[in-house]
Amino acid sequence: MVPTSQVLGLAALLFCIGLAGVIVRRNLLIVLMSVELMLNAANLALVGFARARGDLEGQGLAFLIVALAAAEAAVGLAIVVSVFRSRRTVYADEVTLLRR
Amino acid sequence: MLLTAIVLLPLLGALVVALLPRAEERATRHLGFAFTLLTFAVSLGLAAFRPAEAGWQFVVQRPWVASLGIDFHLAVDGISLWLVLLTTFLTPIVLLSSYRAITTRVKEFVVAMLVLETGMLGVFLALDLFLFYVFWELVLVPMYLIIGIWGHGDRIYAALKFVLYTVVGSLLMLAAIIYLYVTHGQATGHYTFDYPTLMLSVWGRGEQLWLFLAFALAFAIKVPLFPLHTWLPDAHTQAPTAGSVVLAGVLLKLGTYGFLRFALPLFPWAAARCAPYLAALAVIGIIYGALVAYAQQDAKRLVAYSSVSHLGFVMLGLLAMNSAGLQGSLFLMLSHGVSTGGLFLAIGVLYERRHTNELAQFGGLWRPMPIFAGLFMVIMLSSAGLPGLSGFVGEFLILVGAFTHRLFVDGGEQLRLLTLPGAWHWGPRVVAGLAALGVLLGAVYLLAMFQKLMFGPITQPKNAELRDLDAREIAVFAPLVVLTFVMGIYPRPFLAPMEPAVNRLLHDFSVRYAASRDHQGSGVRRLRGKLDALRDEADQATAVPPAPARRGPSALPSAPRASELPSGRAAGVRPVKPPLARSHGPARGAA
Amino acid sequence: MTKTFPLLWIPLLPLLGAAINLLCGRVLSRRAVHAVACGSVAGALGVVVFAIFGRLWPLAWAAEGTHVPARLVQTAYAWITAGSVELPVGLVCDPLSAVMLLVVTLVGFLIHLYSTGYMAHERDHARFFGYLNLFTGAMLILVLADNLPLLFVGWEGVGVCSYLLIGFWYDKDGTERLGLANAMAGRKAFLVNRVGDVAFLLGMLVLFAATGTLSIESLALRASDLLLPLHPLGLGPYTVAGVAGLLLFIGAMGKSAQIPLYVWLPDAMAGPTPVSALIHAATMVTAGVYMVARMNFLFMLSPAVMGLIALVGATTALFAASIGFAQHDIKKVLAYSTISQLGYMFVAVGVGAFSAGIFHLFTHAFFKACLFLGAGAIIHALHDEQDLRQMGGLRRPLATTHWTFLVSTLAIAGIPPLSGFFSKDEILWRAIATANPALGSTWLPALLYVMSLAAALCTAFYMFRLYGLVFLGERRGAAPASSHGHAGGHAGGHAGGGHAGDLHLPGPAMEAPLIVLAGGAALLGLLGLPEVVGAWLGIEHINLFERWLAPVVDQGARLADRWAGGHRVAANALAESHGLEALLLLLSVAVAVGSSALAWKLYRAGPSALVARLTARLRWFYRLVLNKYWVDELYDWIIVRPYKALAVVLFQLIDRLVIDRLGVHGAARSVDGVGRVLRRLQTGSVQHYVVGLVIGVTALVVGVVGAALLGGGG
């Protein structure tokens with residue numbers, strides 16, 4: 001059996017990679033992918049805990065999060081497409097219309 | 001019931017007027033005027049006031065938001081009686097004067113004035129602190145609209161300045177009110193905003209200080225007390241005539257009334273500590289206001305600074321904390337409302353004709369407008385404090401009160417409120433002397449203004465054709481002029497109801513001060529037991545029987561004149577029985 | 001000896017007249033206005049005469065010998081009652097008030113009558129007579145008041161009326177600035193008066209604080225309170241009486257035009273001449289003297305203040321008299337002469353000779369009013385010419401005016417047997433014969449005497465200079481353009497008076513008062529004959545005036561003897577000597593006659609060559625007095641201009657700059673500034689927001705978990 005700590009460590013690592021991607025990358029599509037990565041990292045952590053405790057609650061929640069991630073990806077991509085249509089760009093630092 | 005009618009009738013009128021179609025300007029004006037006249041007529045029902053009684057009369061008390069301890073509690077006593085009548089008297093005059101001056105959005109204007117009247121009356125009559133706050137804030141919005149919409153010149157700036165300045169002060173007062181509510185409820189289990197109930201408890205000394213300052217800030221801005229006065233000249237200059245008259249006539253009195261009714265009696269210990277500074281500011285205001293008024297070229301700004309000067313006098317009388325001083329203050333409040341209101345009306349008459357307030361644009365107006373000149377002169381002289389007119393009575397009583405200021409509180413301790421640091425003995429005399437200087441300086445700028453307007457040859461050709469007052473305008477001025485003569489020659493009916501209420505307030509102040517002094521630490525402490533004992537002692541010691549039983553439900557017991565306990569020879573002409581005569585401790589050294 | 005009497009009618013009648021004329025005067029005819037105005041004062045005079053001769057006189061007879069003054073009293077109603085302040089509208093008429101009442105109503109009536117002729121050509125008739133009545137009413141209140149605040153009502157009331165009447169011609173044609181100058185003169189009068197009024201107010205406050213009452217009668221009963229030193233006030237050894245007396249006297253200085261508050265009186269000549277006669281000669285300016293006499297008990301308790309009063313009076317008398325030498329305007333000469341004569345009255349009350357001071361007030365009212373009305377007749381005749389250099393040779397054409405003027409001039413110069421001589425001489429004698437224990441007993445009487453005598457010398461001189469320049473010699477001025485058309489006779493409303501050449505002669509309405517007043521000036525001296533004459537004739541108490549006033553004015557001396565151990569002004573050794581009194585009397589006569597004769601000789605034919613030579617020799621002196629010692633200019637530079645500058649500076653600096661810009665706008669701008677800084681967080685970049693989110697969440701988690709760990713573990 002893989003020790004739970006390693007599972008959680010991997011999950012944390014994936015989470016940080018995803019977070020870094022969200023913060024650093026300019027391309028909105030990459031940002032979305034990074035968000036997906038963060039969500040999956042959370043899923044991994046949940047499954048690891050579920051296996052450690054021996055019940056299925058964590059896995060149930062992981063399913064929920066998968067569905068949530070799919071919906072969020074759909075909406076997020078729709079927004080990116082809309083932004084591209086109006087601004088002709090997918091770079092985050094070029095869509096700062098809400099700046100003072 | 002009467003008081004509810006008085007307060008809510010203007011509001012009802014506002015609703016009715018709001019329903020009228022916009023085009024019906026004349027009907028709107030007349031209806032609004034009629035409602036204010038009706039309110040005045042109803043307020044004359046206060047003639048049934050019993051002047052010898054010190055307690056609350058015409059009490060209306062109904063639970064409003066019971067869960068929060070907020071009651072709809074209205075009552076009147078000798079202190080608020082004439083202020084209410086001043087308000088109901090001035091508002092019809094103001095509406096009448098605005099017939100020709102307000103030509104756009106007449107309906108909204110009338111509605112605003114009526115709502116304003118309700119607010120002002122509510123402030124004077126409310127005995128529940130929350131209700132008081134509601135009415136206090138209610139006054140702001142109509143005034144903002146009146147200045148901002150129907151004013152001229154830099155009116156938005158003036159209106160905004162007025163609102164922001166006042167609200168800043170009021171917010172701290174709200175915090176203080178809530179603090180009172182919460183601490184009182186925690187200590188006694190009875191959560192209430194009711195003023196007479198709250199008066200039965202004292203707060204700790206440190207708490208009193210910041211509570212007093214919070215209340216004082218709100219009121220000091222309204223008074224206006226130097227140096228928080230700069231909103232007033234701008235508000236007056238840019239407001240329409242009607243706005244100026246009601247602002248100077250009534251709104252400024254809200255501040256001094258608040259001091260007298262709430263800030264001073266509720267927190268006597270803190271009041272005594274802060275009083276010398278307030279007195280200093282008041283005296284500075286008297287002299288500074290008069291000086292700066294002389295430098296003005298705009299008539300309205302000049303009269304605005306004269307208000308600063310006069311209200312400084314009123315504050316001085318309040319801080320004197322004796323019967324003469326307090327009665328003088330109240331009387332001067334009334335007189336100032338009449339005379340300064342009249343001054344603004346006069347300037348408004350000129351503005352209607354020439355659309356300017358610049359003194360240099362006038363001159364020699366006595367020749368084309370003799371009736372106006374005569375009425376204007378009487379009002380001007382009343383403002384200058386000429387004996388025989390209303391201004392002198394108030395100013396004289398205040399000066400006497402300030403000069404003979406010496407306050408004995410329960411337990412024989414002597415307080416000096418009007419003193420200068422390090423000048424225990426002659427502080428009050430110097431303060432009164434400086435205030436007397438204000439009498440001279442007042443004449444300087446008033447006569448200068450009058451001369452620039454009315455005397456000399458006519459320098460602007462347009463002025464030669466100005467028409468004199470018509471019947472409506474005479475109807476606006478005549479009551480004010482008559483009133484100023486009556487008040488000056490026969491002030492008795494105005495002063496008589498004040499005396500018992502004033503004495504009661506002084507007695508309460510004295511008792512609560514002593515309790516505060518004995519109250520170490522913080523938190524709330526009830527007074528009730530102590531008050532009962534004192535009431536019995538007072539009843540035994542005096543010849544005057546205690547006031548009859550018809551009092552408000554939570555009124556403090558009234559005692560005959562316990563305000564000035566003479567130390568020896570300097571008794572008043574009338575024999576003042578000191579009901580709380582105790583052995584006096586040695587006079588305190590430094591304040 | 002006290003009786004009630006409806007005294008309220010005395011001031012009420014003129015006040016009613018004023019109300020009628022001011023409110024409805026527009027619709028009344030000229031005749032009606034005159035009738036109301038003169039009638040109301042005549043009514044007041046009637047009541048006064050009845051009250052004094054019908055009621056007061058018998059009381060005074062009965063009280064003769066006792067020290068209790070006869071009094072008529074009336075308490076109308078309770079005026080102000082608040083706390084310890086209790087002020088009724090109480091009126092009292094005792095022998096002192098009686099004298100003043102007679103002066104005010106009698107001289108007042110004559111001047112009202114005169115005005116019907118003098119103001120005949122004016123528009124604003126009703127307004128003038130309304131103000132005149134209002135003044136009379138206020139003055140009567142002042143005289144009759146039995147407590148100080150009510151006196152103050154009258155005191156300021158006459159001040160207001162003076163302001164209104166001085167500036168009556170507020171838009172006079174001629175030059176554009178003339179009307180404005182009149183208004184400014186009125187304002188100056190009111191403001192200078194008010195300076196004194198502030199002091200009066202403070203004096204009242206001191207008295208009230210010390211004794212708890214402001215009723216004059218009650219104050220007199222509290223001499224022990226009045227003598228208390230003011231240690232509690234930090235004013236050390238000075239007594240209540242001293243401080244209050246000083247403050248009240250400063251008030252009197254303002255009202256009665258003494259140094260340094262006299263500057264309003266010469267400017268007040270801008271008003272119509274009847275106004276000058278009534279207000280600035282006979283009544284209002286004498287209110288200060290009256291007040292000091294009425295409060296004699298207070299002043300007698302403080303010899304230091306009395307010494308000050310006498311010195312101020314003497315200085316003013318001499319100072320003002322010196323200015324009279326060079327003035328060109330006939331009314332200005334009379335104005336300065338009034339200031340000077342008022343100084344005499346204050347010398348008198350300052351040495352405790354209250355009845356002498358009031359006697360001089362009494363005689364002065366008659367001869368000065370006559371002089372002013374005469375001057376008015378001259379000005380009227382010459383169509384508003386007031387410059388002495390344009391006059392001369394009016395002896396024949398204006399005969400009545402001339403003779404009455406001459407009589408009054410003789411009176412004011414102090415030539416026997418006219419009234420002025422007796423009243424002035426009594427003052428001189430008492431000045432030298434009184435010792436003041438607070439100031440020097442040796443130098444003060446001598447100084448007062450010398451200054452007063454010098455002033456008398458000057459007075460006689462410049463008054464006869466005036467007489468000579470106006471009436472003697474040849475006419476110097478050209479016939480001025482008439483201000484109202486002279487086509488044949490005169491239409492519409494002025495009482496009689498024809499023409500002689502280009503002169504507009506006074507009518508009977510103007511001449512009758514002149515004659516009555518001159519008669520008074522001549523004969524009234526008999527009421528106050530000095531003791532020396534009495535000794536010579538073998539009659540005791542020959543001074544009827546003094547006898548009449550004694551119960552009232554001796555009160556102070558008695559109180560001081562009883563409570564202050566006799567520490568008061570009192571007769572010194574010289575007072576015994578009848579010989580000295582006679583000698584000084586003759587000296588006064590000599591000085592008066594000599595000085596008058598000198599002036600006669602110099603100005604007999606108008607300003608002679610001799611005068612021109614003297615003027616050239618004494619150039620510096622001439623310029624000094626011609627420019628009135630430049631006092632007005634001095635006041636302008638020291639007081640008026642700095643005040644205005646201070647007002648502007650305060651406004652711009654403190655209100656505009658410090659409070660508004662720094663304070664209010666500063667607060668607004670700092671809020672704006674903070675907002676500006678915080679706004680930079682809104683970059684619009686989502687990624688920045690995410691960073692913020694992460695930081696916040698991390699902080700929260702660390703905080704919660706950390707707190708839980710610490711709480712659980714610790």
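Chain A and chain B, by contrast, are joined by no contact, and their closest C-alpha atoms lie 25 Å apart. The model is a predicted one, in which local features need pLDDT of at least 70 and side-chain atom pairs count only at pLDDT 80 or more, whereas totals for chains, interfaces and linings use all residues. Residues are numbered from 1 along each chain as its sequence is written, chains are lettered from A in the order in which they are written, and side-chain values use heavy atoms, with hydrogens and water left out.

At the interface of chain C and chain B, 67 residues of chain C are in contact with 71 residues of chain B. The area buried between chain C and chain B is about 6200 Å², with carbon and sulfur atoms giving 68% of that area; buried area here denotes the accessible area (1.4 Å probe) that two parts lose on being put together, summed over both. Within the share that chain C buries against chain B, C:Tyr170, C:Arg194 and C:Tyr643 supply 11%, more than any other three residues.

Across this interface of chain C and chain B, one salt bridge is found, the term requiring a side-chain nitrogen of Lys or Arg within 4 Å of a carboxyl oxygen of Asp or Glu. A salt bridge is formed by the side chains of B:Arg367 and C:Asp124, at 3.3 Å from N to O. The side of chain C that touches chain B draws at least two residues from each of several elements, among them strand 2 (71-82), strand 3 (85-93) and helix 27 (631-679), helices (H or I, at least four residues) and strands (E, at least two) being DSSP runs numbered from the N terminus. Helix 6 of chain C provides the largest share of that side, namely 19 residues.

In chain B, B:Val182 lies in helix 7 (residues 155-188) and is partly exposed because its relative accessible area is 30%, where buried means under 20%, exposed over 50% and partly exposed in between (1.4 Å probe, protein chains only). In chain C, C:Val704 is placed in helix 28 (residues 686-713) and counts as exposed because its relative accessibility is 54%.

Methods
Contact means heavy atoms within 4.5 Å.
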